[in-house]
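Here is a short briefing for a first look. Keep the sequence and the 3D view open as you read.

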Amino acid sequence: MRTVHSDSTGQAEITIDQKDIKNPKKAALLSAILPGAGQVYNEKMWKVPIIYGGIITTAYFVEFNNRRYQLFKEALTIYRDDDESTDNIFPNLNEDGLIRNVDYWRRNRDACYLVFTAIYALNIVDALVDAHLSGFDVSNDLTFKLEPSVEPTYASGNAVGLSFKIQFK
């Protein structure tokens with residue numbers, strides 16, 4: 001909880017309750033153990049359905065592509081055997097067509113594994129970053145100052161000018 005106090009000079013002081021600041025290591029570990037747990041720890045529960053939607057969708061496509069890969073791999077094995085009693089599952093495809101399909105579905109399955117890994121990693125990174133930013137002050141209390149300044153330069157020694165300073169309180 002953030003509270004604003006004013007002292008006798010009129011300066012505002014913002015204090016952040018320590019219980020609101022989250023531990024980034026704990027958030028990352030929770031998300032690594034159970035996807036979405038770090039988001040719950042960070043009190044961002046609305047992200048959990050997005051994470052599980054991505055995981056479930058990717059798992060579905062991994063299974064779908066693997067099923068097609070296994071089907072064409074089996075068809076290629078049947079095509080290559082010399083047993084006349086087995087029928088070709090895809091009679092319109094020759095060996096090259098079957099090989100192309102095996103490669104295509106295996107590549108799609110492997111790409112889905114990469115997407116699954118990326119979603120899992122993003123879940124951990126999101127929890128870590130969100131916990132790091134939990135203590136970040138987002139109040140509207142900013143101070144702007146225009147002050148004279150003197151900066152050393154190589155050519156002429158010193159440069160005199162104005163500096164515009166923003167102070168976050």
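Which side chain meets Lys165 in a salt bridge? The partner is Glu147, at 3.0 Å from N to O. Lys165 sits in strand β4 (residues 157–168) and Glu147 in strand β3 (residues 142–153), so this pair ties together parts 18 residues apart in sequence. Bear in mind that the model is predicted.

**Salt bridges**
- The structure holds eight salt bridges.
- In the pair above, Lys165 is partly exposed at 43% relative accessible area, and Glu147 is partly exposed at 25%.
- Arg67 and Glu63 form another salt bridge, 2.9 Å from N to O.
- These two residues are four apart in helix α3, which means about one helical turn separates Arg67 from Glu63.
- Arg67 is partly exposed at 43%, as is Glu63 at 39%.
- Arg109 pairs with Asp110, with the closest N and O atoms 3.1 Å apart.
- Arg109 counts as buried at 14% relative accessibility, whereas Asp110 is partly exposed at 33%.

**Nonpolar core**
- The largest nonpolar core has eight residues: Tyr69, Phe72, Ala75, Leu76, Phe90, Leu98, Val102 and Trp105.
- Helices α3 (48–80) and α4 (95–132) each give two or more residues to this core.
- Helix α3 gives the most, with four.
- Leaving aside residues up to four places away in sequence, Phe72 touches Phe90, Leu93, Leu98, Asn101, Val102 and Trp105.

**Nonpolar surface**
- Val125, Leu128, Val129, Leu133 and Phe136 make a nonpolar surface patch of about 440 Å².
- Val129 lies in helix α4 and counts as partly exposed, at 42% relative accessibility.

Note on methods. Residues are numbered from 1 along each chain as its sequence is written. This is a predicted model: local features need pLDDT of at least 70, side-chain atom pairs count only at pLDDT 80 or more; totals for chains, interfaces and linings use all residues. Side-chain values use heavy atoms; hydrogens and water are left out. A nonpolar core is a set of buried Ala, Val, Leu, Ile, Met, Phe, Trp, Tyr and Cys residues joined through side-chain atoms within 4.5 Å. Buried means under 20% relative accessible area, exposed over 50%, partly exposed in between (1.4 Å probe, protein chains only). Contact means heavy atoms within 4.5 Å. Patches are made of residues with over 30% relative accessible area and no salt bridge: like charges are joined within 9 Å, nonpolar side chains (Val, Leu, Ile, Met, Phe, Trp, Tyr) within 5 Å. Accessible areas come from the Shrake-Rupley method with a 1.4 Å probe; for residues, only the protein chains shown count as cover. A salt bridge is a side-chain nitrogen of Lys or Arg within 4 Å of a carboxyl oxygen of Asp or Glu.
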